Every structure is written in C-alpha cells, then in structure tokens.
Amino acid sequence: MQSPLPVRDGVNATRLRLPDEGPWDTAMDYMMHRWGHIDPQGIEDRFDAGEIVGEGGIPLHRGTRLEDHTFIWYYRTLPPETRLPVELNILHQDEHILVVDKPHFLPTTPGGTYIQESALVRLRNQLDLPDLIPMHRLDRMTAGILLLSTNPGTRGKYQVLFEKRQVQKEYECVSAAVPAAGHPAVDFPVVVRNRMTKSRSYLLAEVIDGEPNAETRIDLLRTFDGAGSHASAGAGRRGLYRLEPHSGKTHQLRVHMASLGLGILHDSFYPDLLDKAPDDYTKPLQLLARGIRFVDPVTNEPVEYRSRLQLSEVR
C-alpha cells in the first residue's frame, strides 16, 4: 500500500493499522493506549499539527473516530544514533539501478536501533534518491554487493528476476580448512540441501524435517595459515570457500557451513550462539557477497557486478 506521506530524512512514514473494534472512541485514544506512556504530548502535538494522516493523505484530528480509517501514517520521532565507523562504496549507478559495496556491521534497511545508520537511509540522503529500494538484503554482519532500484517505473522488472531466481549470487567466506571434531570429512564441491525455517521471535534459523527449501553449492578455493599460526599447526589452517546459494533463506549460508563443521570465522550465532556483546570492528564476520550476475531486463544484456572488498582474515 502506497504511503500518502513522502520519505523524510531518508525514512519512510510508519503505517499503523487501526483495530476494527475496541474500547477506544478515537484514533488518538488508540495511539495513546499504544504509546501514550512514552510521549503523550508528542502524540497530541502530531494530531494538532495534522501530521498524522489516513488514506488519501487526509489529516486526522483529536476527535477522528476509530472506525473512520483502517490505516494511518505518521513519522516516528527518531532517537539520535552514533554513526557507525564504516563506509559504503558505489560501484555502479544508472537511471534504473544502484550497485554498492555494503560494509560489515551496517544493516541493509532500517530496523531496531539502526534507522539512519542503515545502507538504505544513508544512500537515500547521500544521493537524494527518496525512491531508492533494495532488491535483496544482506545481513548486517555480511558485506559485499547490494543491488538497489532507483526507478519505480522499472523496479518490477528487477523484482521479477529475484522472484524467479534468475539472479546468480556468489559469496566467499573463511572457515577452518577441515571440519570440526565430530564431523566427517568433506569432498568439495558439495551441495547442501535441507529445509530451513526462521521465526521472528527467535534469533536463530533452524533446520527441520521436510522437503528441502534451501540449497547451497560450496567449494574450497584454497587453504592458508591463519593469523599467528604455522603451516605445521593443523588447527590454524584456514580455508577460503566459494558459496553459491540457489535459494535465499535467512542465515542460509551460515547454517549450511556450520552443518559441515565449518562454521564461518567470527560468527556469533552458528554453530554456537554466543552472549551478545558490543560490535568488534576488528573481527567482522568472514562472509562476503562477492558477485551478482543476471540478464538486465531493461537492456537485455548480461551483466555482472563484483565486490572490491576483501575478507580481513584472508592471507
């Protein structure tokens, strides 16, 4: 549903669905019920200033009845954010798409405590492109190629490519050179297939019984000594791996590597969930979206974009 309010400071207006019934006479009564304990004066001021609108951009007032609107839109008051010490690099821009190298630690889209400090909002503000929309997502801890649409008129053409899995993605990661104890040796290349699910209420993705919905081809590119290790110390040997996902489940690559006993270096989720800790910018997750390939739906020409970033643990 199209928002009647424009993007402001790189951030979309928030949409709220009003309940069909309840003990609230007005839309403001309901908002006070939801958020009045946080900023009651701010809610009243927004209604008085006409900054809360319904379908068609109609401003609401304090007495607007609950049943008059199904959805309303408003701008949230954004808390101050400390700028993350990472930068985006633009690799390609034309009238239809934008391709960037997203750094580790920067989320793709606003969420939680990261609003202004997201790739989308930074780029909207930097380039004055309020209609910018990502065509796919990278986890906050994953770096590399990110494709965004700059043109609403051609956006659907690119969305279809992703929906029909006509985009080939390539990742690289660093892990141990041999599987962890208790896991069998692996003959590369190997294809991992299973059924994955991810609940919004739980941090981790899970592998469950059922028809596979996640598939990754994994190949070992080369091995090398880890930092501070020696060639004779087997435990210090690292491997650089190429990952080619044929589906796009949340945390898929991290789960598939961990299932082989080859958890990605500096992964705080898999194979073991570690206690939450402040970001350590010296130890980014060693996972990089290296490249993306597809036939451009506007020009009908094959294109490929490659990351210029390097994983910090590769020797």
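1. Where is the place of Pro 189? In this model, which is predicted rather than determined by experiment, Pro 189 is placed in the loop between E7 and E8. The peptide bond that joins Phe 188 to Pro 189 is cis, with omega at about 0°. A cis peptide bond also joins Tyr 270 and Pro 271, where omega is about 5°, and Pro 271 is found in the loop between H5 and E12.

2. Asp 219 itself has its place in strand E10, which covers residues 214-225. Is Asp 219 buried or exposed? Asp 219 counts as buried because its relative accessibility is 17%, and the cut-off for buried is under 20%. From C-alpha to C-alpha, Asp 219 is 9.6 Å from Glu 172 in space, although 47 residues separate the two in sequence.

3. The largest nonpolar core has 30 residues, and those that touch the most other members are Leu 148, Ile 218, Leu 243, Met 257 and Leu 287. At least two residues of this core come from each of several elements, including strand E4 (97-102), helix H3 (119-127), strand E6 (143-149), strand E11 (237-245) and helix H5 (252-259). The element that gives the most to this core is H3, with 3 residues.

4. Helix H3 deserves a point of its own. Its buried residues are Ala 119, Leu 120, Val 121, Arg 122, Leu 123 and Arg 124, and the buried residues of H3 pack against E4, strand E5 (133-134) and E6. H3 is followed by Asp 128, whose phi is positive, near 55°, and Asp 128 lies in the loop between H3 and E5. Asp 128 counts as exposed because its relative accessibility is 63%, the cut-off for exposed being over 50%.

5. Asp 9 is a residue other than glycine that has a positive phi, near 55°, and it is found in the segment before strand E1 (14-17). With a relative accessibility of 54%, Asp 9 counts as exposed.

6. How many aromatic pairs does a search of the whole structure find? The search finds 8 aromatic pairs, and one aromatic cluster is formed by Tyr 158, Phe 294 and Tyr 305. Charged groups also sit over rings: the charged end of Arg 8 is over the ring of Tyr 75, 3.8 Å from its centre, and the charged end of Arg 254 is over the ring of Phe 269, 5.2 Å from its centre.

7. The structure holds 1 cavity of 30 Å³ or more, and the volume of the largest cavity is about 40 Å³. The residues that line the largest cavity are His 136, Ile 145, Lys 169, Tyr 171, Ala 289, Gly 291 and Ile 292. E7 and E12 are the elements that give two or more residues to this lining, and E12 gives the most, with 3 residues.

Methods:
Residues are numbered from 1 along each chain as its sequence is written. This is a predicted model: local features need pLDDT of at least 70, side-chain atom pairs count only at pLDDT 80 or more; totals for chains, interfaces and linings use all residues. Side-chain values use heavy atoms; hydrogens and water are left out. A nonpolar core is a set of buried Ala, Val, Leu, Ile, Met, Phe, Trp, Tyr and Cys residues joined through side-chain atoms within 4.5 Å. Buried means under 20% relative accessible area, exposed over 50%, partly exposed in between (1.4 Å probe, protein chains only). Helices (H or I, at least four residues) and strands (E, at least two) are DSSP runs, numbered from the N terminus. Rings of Phe, Tyr and Trp (its six-membered ring) pair if their centres lie within 6.5 Å; planes under 30 degrees apart count as stacked, over 60 as edge-to-face and the rest as tilted. A charge sits over a ring if NZ of Lys or CZ of Arg is within 6 Å of the ring centre and within 35 degrees of the ring normal. On a 1 Å grid over the protein atoms alone, a cavity is a set of points where a 1.4 Å probe fits but cannot get out, and a pocket is an open set with protein on both sides within 12 Å along at least five of seven lines; lining residues have an atom within 4 Å of a point. Grid points are joined across faces, edges and corners, and a volume is the space filled by probe spheres set on the points. Contact means heavy atoms within 4.5 Å.
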